[in-house]
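Q: I'd like to learn how to read a two-chain model, feature by feature. Can we go through one together?

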Amino acid sequence: MNRDYAKYALRRVLQAVVVILLAYMFTFVVISVLPGDPVTNTLRNPQNGFTEEEITRIVAYYGLDRPVYVQLWSSLSRFVVGDLGVSLRSGLPVTRQVGEVLGSTVVLALSALGVALVLAFGTAFGAQYLPRRVGRLLRAFPSLFLSMPNFVIGLVLINVFAFQLGLFQVIDSEGGLATFFAAVALGIPVSARVTEVLIANLDHEAGEEYASVARSRGLGRTRLFLRHLLKPSSLPVVTVIALTVGELLGGAVITEQIFGRTGIGSLVERSVTTQDLPVLQAIVTLAAIVFVVVNLVADLVYPLLDPRVRLGGTTSAARPEPRDLAEVVAP
Amino acid sequence: MTAPAPAPVVSTTALRRSAVRRVPPAVVISFALVAFVLLWSVVPGLFTSHDPAVGVPADKFLGPSGAHWFGTDHLGRDLFARVVHGSASSVSSALIAVAIAVLVGGLIGLVAGFVGGWTDTVLARLVDVFLAIPEFLLAVIVVSSLGFETTNAAIATGVSAVGIFARVMRSEVLKTGRAVFVEAAYLQGGSRWHILTRHVLPNASRSVLTLAVLQFGYSILIIASLAFLGYGDPPPASDWGLLISVGKDYPLAPWLIYAPALVMIATVLSVNRISRWLRKTD
């Protein structure tokens, strides 16, 4: 087992590194097939006030006068040593610009994850233990959450709680309540898949023999849930949660814009408008890195948490296929 | 004990009728709703007599009423007419997105699963890349690289879903490829092409179809999100996402947000319900 695990871990780590490098190259290619020459357009735009010298320096730095594959190679070799380039708008290093706004997005994403988990576990518990009618209603929640885009939830929350009830100010966008509501808007759609999988797992575990035995021995519902059903049902959810990272980061683009927060998401929005390609590329790569690393950790931790998982020879035998799982096990 | 009743003769039409009877009411409603939206997008003129682009300035910001079901906007245009006329663009872009995802993703998955070996390994990493970049971010960079237009937003949404379709198609192809009847077909001298078209594809298509229906709803939301950010056609286009985006600037007329949002949510919810039903009847 230990040797198997080491081999498995090594293979997964290597895969992750390859995927990150490929993601960087992929983003580069997508961005540089842009029609027109936005880099030069941005640089030559008098509004940005680059001097001729600076332009020459930046063009030389990015090798913009050389063919695309040479640019790709030099860009990749800079990326490997952690150099993400210079913003075309501000002239600051991209890493610094991203670093400045990273904190706000991390706070938002973690709060949203918290909201999503509370919602998911609450809904799953209710679906299992509340009276049948309520339970059936709760079972429709994942589907409903999946149908509500975060910008609609955000706008409704702002309209009701900020404009009508005056609970928070949209201007004080980083305040506690404002962050909470932003997290709710971002968290609700994210909770859908977690809830779906959790409900299905709970149904499955509740039907197992050990659960019947525990019930027949007179164990109360809540204790049965907490002591016996919760752990085996929520373990597989670890991998589903890891998959929500992408949704959290993607959703932040809109949520931050609506709630007027400055974070990675609003930086994406701004960089798209100003065609600040190095920043855009850095953020997309960063998102891919976060996604790959979080999922790598989930994959590596999962076999340790759940001894029932056997490590097979194929690519991802240790965990269920991500979204297929949610598809297949959905009620 | 009475003699066993003769087995009832079941005609195919009766069978079909009983299958229809087993459709849950929620699914029937969902089908009806989706049908309505599809009709809106094909013949919008049948459902509203108001012009979506020309308003009566005196009638601006009217709340929902008998004359204006969804109220009117800041230019006095009938919002219901705008939603109905906007559905064509929202629905057709979602269809484009799904078509791209199914064709490109399906092809990648099919080749990976059917050819196997090194091809599979290489394609698997490519698919990993598609899955590693958050879907919405991927859609954003693709659309910003193609240019801000609703068609491009649809293409971007399709590209962002390629990974998941490739993965599902691959696993379906692998599953079928191992089945005994496929082995039998090989032994009887069936060519690879014959097996691919007669056995593997038909079997895989069911899961892909279910996913495609689900993705249709999801694409509506992503395209609306892109339109909301202003990455689609500019006004006077009336994509649902764009309507909501314009409506958010008038907090005193909340129906400008609620009405198109409810239409969109109801549509996507119905599509999801249909997809779940398809999966169950599998």
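Q: Let's start with one side chain: does Lys175(B) count as buried, partly exposed or exposed, and why?

A: Keep in mind that this is a predicted model. Lys175(B) counts as exposed, because its relative accessibility is 51% and the cut-off for that label is over 50%.

Q: Which residue does Lys175(B) form a salt bridge with?

A: With Glu172(B); the closest N and O atoms are 3.3 Å apart.

Q: Where do Lys175(B) and Glu172(B) lie?

A: First the general idea. An α-helix has 3.6 residues a turn, so residues three or four places apart point the same way. Now the case here: both Lys175(B) and Glu172(B) belong to helix α7 of chain B, residues 162-177, and they sit 3 residues apart, about one turn of the helix.

Q: What about chain B: which residue meets Asp249(B) in a salt bridge?

A: That's Lys248(B), with 3.9 Å from N to O. Lys248(B) counts as partly exposed, because its relative accessibility is 29%. There is also a network: Arg125(B), Asp128(B) and Arg167(B) are joined by salt bridges that share partners.

Q: Now the interface. How much area is buried between chain A and chain B?

A: The general idea is that the size of an interface is often given as the accessible area lost when the parts come together. Between chain A and chain B that comes to about 4,500 Å², and carbon and sulfur atoms give 71% of it. Chain A puts 49 residues into the contact and chain B puts in 48 residues.

Q: How many salt bridges and polar contacts cross that interface?

A: The rule finds 0 salt bridges between chain A and chain B. For polar contact it finds 3 residue pairs across the interface, with both residues at pLDDT 80 or more.

Q: Which elements of chain A touch chain B?

A: Those giving two or more residues are α1 (2-32), α7 (141-147), α8 (150-164), α12 (237-258), α13 (264-274), α14 (277-305) and α15 (322-329) of chain A. The largest share, 8 residues, comes from α1(A). By type, the residues on this side of chain A are 34 nonpolar, 10 polar and 5 charged.

Q: And the nonpolar cores: which residues touch the most other members of the largest one?

A: In that core of 148 residues, they are Phe151(A), Leu226(B), Ile244(B) and Met264(B). Helix α9 of chain B, residues 192-228, gives the most to this core, with 18 residues. Apart from it there is another core, of 18 residues, including Ala124(A) and Leu202(A).

Q: Last one: how many residues of helix α10 of chain B are buried?

A: 7 of its 8 residues, so to speak a mostly covered helix. Among the buried ones are Trp240(B), Leu243(B) and Ile244(B). What covers the buried residues of α10(B) includes α8 of chain A, along with α2, α3, α9 and α11 of chain B.

Methods:
Residues numbered from 1 in each chain as written. Chains lettered and ligands numbered in written order. Predicted model: local features only at pLDDT ≥ 70, side-chain atom pairs only at ≥ 80, totals over all residues. Heavy atoms only, no water. Contact = heavy atoms within 4.5 Å. Buried area = accessible area lost by both parts, 1.4 Å probe. Salt bridge = Lys/Arg side-chain N within 4 Å of Asp/Glu carboxyl O. Polar contact = N/O pair within 3.5 Å; in protein donor to acceptor, adjacent residues only side chain to side chain. Helix = DSSP H or I, 4+ residues; strand = E, 2+ residues; numbered from the N terminus. Nonpolar A, V, L, I, M, F, W, Y, C, P; charged D, E, K, R; others polar. Buried < 20%, exposed > 50% of the residue type's maximum accessible area, 1.4 Å probe, protein only. Core = buried A, V, L, I, M, F, W, Y, C linked by side-chain atoms within 4.5 Å.
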